[in-house]
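I opened this notebook to record what I looked up in one structure. The entries follow the order of my reading.

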Amino acid sequence: MLNIVIFGAPGSGKGTQSAKLVEKYALKHVSTGDILREEIKAETELGKLANTYMSKGHLVPDEVVIDILNGLIEKNGTIKGFVFDGFPRTLSQGEALSKMLSKHGEDVNAVISLEVGDEELIGRLLKRGEISGRTDDNRETIEARLKVYYEQTSPLKEFYKERGTLREIDGVGSMEEIFQAIENEIDPLVR
Ligand code: AMP
């Protein structure tokens, strides 16, 4: 399998580049944010719980997202691999992901970290809020999400650096330029 984590702050372009990865390498896209938004739309109990965190820009508890991931990995036994987008977001989630994949003799093969400065991130998210109407793309929630990213999520970079899987990519540029840099990292892993 080819398992890729697409990593970065909110607004770094994870969703856009995930779509391109999925297309080129025939992988399954797993976005915990998308899954949680679907649950909110369907007004499920899980959605109601998730919304109390998401509307404030906080992380949904680890157990909740790890459970979702576990179900997904078990259900998709025979695919070529996954693109994990927005997961893991804490060290516990990173450890849980390796554990879940190792049950199938697999692990994360590459972590693509999209590097984008704060000012650019805030600008992109405010613009996205205007276009998509995503309710967490407002200034107050954006600031909370960036804080959460630096405090809880960015330590995962060290975690993956130690495992030799971290690839830092400049996330500013055209969509094609950025994807080219990603392909340069992934192509050698594909035989
Ligand atoms: P995203 O679409 O990835 O930006 O995620 C939107 C929101 O969903 C985040 O701000 C969190 O509240 C929640 N969320 C998504 N993925 C996770 C995760 N792996 N762990 C905890 N919360 C998450």
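I began with a term: a polar contact is a pair of N or O atoms within 3.5 Å; within protein, one must be able to donate a hydrogen and the other to accept it, and residues adjacent in sequence count only if both atoms are side-chain atoms. I note that this is a predicted model, in which local features need pLDDT of at least 70 and side-chain atom pairs count only at pLDDT 80 or more, while totals for chains, interfaces and linings use all residues. Residues are numbered from 1 along each chain as its sequence is written, and side-chain values use heavy atoms, with hydrogens and water left out.

**Entry 1: the ligand**

A nitrogen atom of the ligand lies 2.7 Å from a polar side-chain atom of Thr 32. For Gly 86, a polar backbone atom is 2.9 Å from a nitrogen atom of the ligand. For Gln 93, an N or O atom of the side chain is 3.0 Å from a nitrogen atom of the ligand. On its own the ligand has 480 Å² of accessible area, and the protein covers 96% of it (Shrake-Rupley method with a 1.4 Å probe; for residues, only the protein chains shown count as cover).

Which residues come nearest to the ligand? Of the 15 around it, these are Thr 32, Arg 37, His 58, Gly 86 and Gln 93; a residue is near if one of its heavy atoms lies within 4 Å. Helix α2 (residues 32-41) gives the largest share of this shell, four residues. I took helices (H or I, at least four residues) and strands (E, at least two) as DSSP runs, numbered from the N terminus. By class, the shell has six nonpolar, five polar and four charged residues. Here Ala, Val, Leu, Ile, Met, Phe, Trp, Tyr, Cys and Pro count as nonpolar, Asp, Glu, Lys and Arg as charged, and the others, Gly among them, as polar.

**Entry 2: the pockets**

On a 1 Å grid over the protein atoms alone, a pocket is an open set of points with protein on both sides within 12 Å along at least five of seven lines, a cavity is a set where a 1.4 Å probe fits but cannot get out, and lining residues have an atom within 4 Å of a point.

The largest pocket holds about 890 Å³ of space; grid points are joined across faces, edges and corners, and a volume is the space filled by probe spheres set on the points. Its lining has 46 residues, of which Pro 10, Lys 14, Arg 89, Arg 128 and Arg 134 are the closest to its centre. The largest share of this lining, five residues, comes from α2. The classes are 17 nonpolar, 19 polar and 10 charged residues.

The second largest pocket holds about 170 Å³. Its lining includes Arg 37, Asn 51, Arg 134 and Asp 136. Helix α2 gives the most to this lining, with three residues.

**Entry 3: the cavity**

I found one cavity of 30 Å³ or more.

**Entry 4: the backbone**

Most residues other than glycine have a negative phi, and most peptide bonds are trans. The peptide bond from Phe 87 to Pro 88 is cis, with omega near 0 degrees. Pro 88 is in the loop between β3 (82-85) and α5 (91-102). Ala 26 has a positive phi, near 55 degrees.
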